[in-house]
Amino acid sequence: MSQQTFEFHWGKHHRAYVDTCNNLIKDTELENCMLEEIIKKTYNNGDPQPAFNSAAQAWNHEFFWECMKPQGGKKPKGEILELIEKDFDSYYEFLKEFKQAAATQFGSGWAWLVLKDDKLAIEKTPNALNPLVWGHVPLLTIDVWEHAYYLDYQNRRPDYISVFMNELVSWDAVTARLVKAKEASST
Amino acid sequence: MMTLLQKPCFIQHMPLHTSISSTKMKGAVRKTWTNLLTVAQFGLKDPPYKLDALEPYISHRSLEVHWGKHHRGYLDNLNKQIEGTTLQGYTLEELIKVTYNNGNPMPAFSNAAQLILSRDLVTLLIWIHNSLLKMIWKRHKRFGTDMETQLKDWKQVWNHDFFWECMEPGGGKECTGEILEFIERDFKSYDMFLEEFKQAAATQFGSGWVWLVVKDRKLAVEKSTNAVNPLVWGHMPLLTLDVWEHSYYLDYQNRRADYISVFMDKLVSWEAVNCRLGRVKAFVNLREPAVPYT
């Protein structure tokens, strides 16, 4: 993932979502809410209010950056691998399903690994939508809006997805989120 | 150069026979002495200009990828889906026969009859086209993929064919001709239309298209998501702009607004729009009747 891509993706797109969100919530009851709360409120049970798109995209991108690290990728270890093998039969089955979801999200969107009813699941969402609105716990995401990969991969979204899984994904971050989610659910 | 170029499958053929099986063949278009027929398997249609002809506003590289990869990809998917099925090689007329169902017409046909009575032939043809595809894919379950996915590929093929023709080298000149008259009638002024069109294009969240259409005998600006086009609403497109990120990202990155302005100032073909308006007017009266009813 090139520096040029990051400069635009983080420096222009992500920044624009944050600025837009701030402008839209200014002087409203949402102004002092946490971002997750803003997302859930503005989702409005499927009839989203104007601030939803920018709020959700701001959250999604922050989450996405943390899903990657230099020299990341490869097969995970530890608890997350155990859970993957339990809920997907094998890491390779999970990988296949995750890549498939990411490749087939038509138009703009995201693919997710989530914790849902205490089990791992893969979901894909269009545009700005994220699984928080359904009460699922996101553990991993990949941005499949074209702006995320076009400068580096053009139309070759499957290549981008493979590279993300092989070279970039931070399983440490995923594990940390899993631990946090389990602690939250046990309290 | 256009190394990716695949010639469209246009061929000359004998006049159409009446039996379905003898007229099945691969490849695209046949001519009879009366009209041009369209079959269900298509080749990739060239834009009406070379891939570097829109420089510096849309780069050669951008068009190579947009037309040569994305547009081609939609078409290949579609053809794969009908390959080896009974739909392969059907002409549109043959598909009509299939759904006429030997004198026991499917629901689609009663609506078609109403459309014929309305004498709105353009709408009829477009509607038949879309309805047949929907109906036939529903009947042929061996496709295995859902109808919605297949329709997306089809719509994207159509949308891109239409989009290339909306542009020309040296385009974007002053809007002239009858289209200007209707724009001024329905939007009050060209500038107001321009503002509305640009606004719609800029605010289409995610992937999609923005359109100038004829709707209820008036011009209107519409935007649509992903592959949706106004044909499904029974509106008649005159102009479109692709606002999927792939259409501008190599040249403009996040600056969609700049891309939209350049499209309107330097690329849009008002000649193409006027031609389409002319065809629509042949079937739809865009003016008030000159003779009062009473």
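The model is predicted, so local features need pLDDT of at least 70 and side-chain atom pairs count only at pLDDT 80 or more, while totals for chains, interfaces and linings use all residues. Residues are numbered from 1 along each chain as its sequence is written, chains are lettered from A and ligands numbered from 1 in the order written, and side-chain values use heavy atoms, without hydrogens or water.

Colleague: How many salt bridges are there over all chains?

Modeller: A salt bridge is a side-chain nitrogen of Lys or Arg within 4 Å of a carboxyl oxygen of Asp or Glu. The search takes in the whole structure, and the total over all chains is 14.

Colleague: How many residues apart in sequence are the parts that B:Glu165 and B:Lys45 tie together?

Modeller: The two form a salt bridge, with the closest N and O atoms 2.8 Å apart. B:Glu165 lies in helix H6 (residues 147-165) of chain B, and B:Lys45 in the loop between strand E2 (36-38) and helix H2 (60-82) of that chain, so the parts they tie together are separated in sequence by 120 residues. Helices (H or I, at least four residues) and strands (E, at least two) are DSSP runs, numbered from the N terminus.

Colleague: Which residues join B:Arg287 in one salt-bridge network?

Modeller: B:Arg287 meets B:Glu178 at 2.9 Å, N to O. B:Arg287 also bridges to B:Glu181, at 2.8 Å. B:Arg287 sits in the segment after H11 of chain B, and B:Glu181 in helix H7, 106 residues apart. Through shared partners, the network joins B:Arg287 with B:Glu178, B:Glu181 and B:Lys281.

Colleague: What is A:Phe94 in contact with, leaving aside its neighbours within four places in sequence?

Modeller: Contact means heavy atoms within 4.5 Å. With those neighbours set aside, the partners of A:Phe94 are A:Ile84, A:Phe88, A:Leu113, A:Ile122, A:Met165 and A:Trp171.
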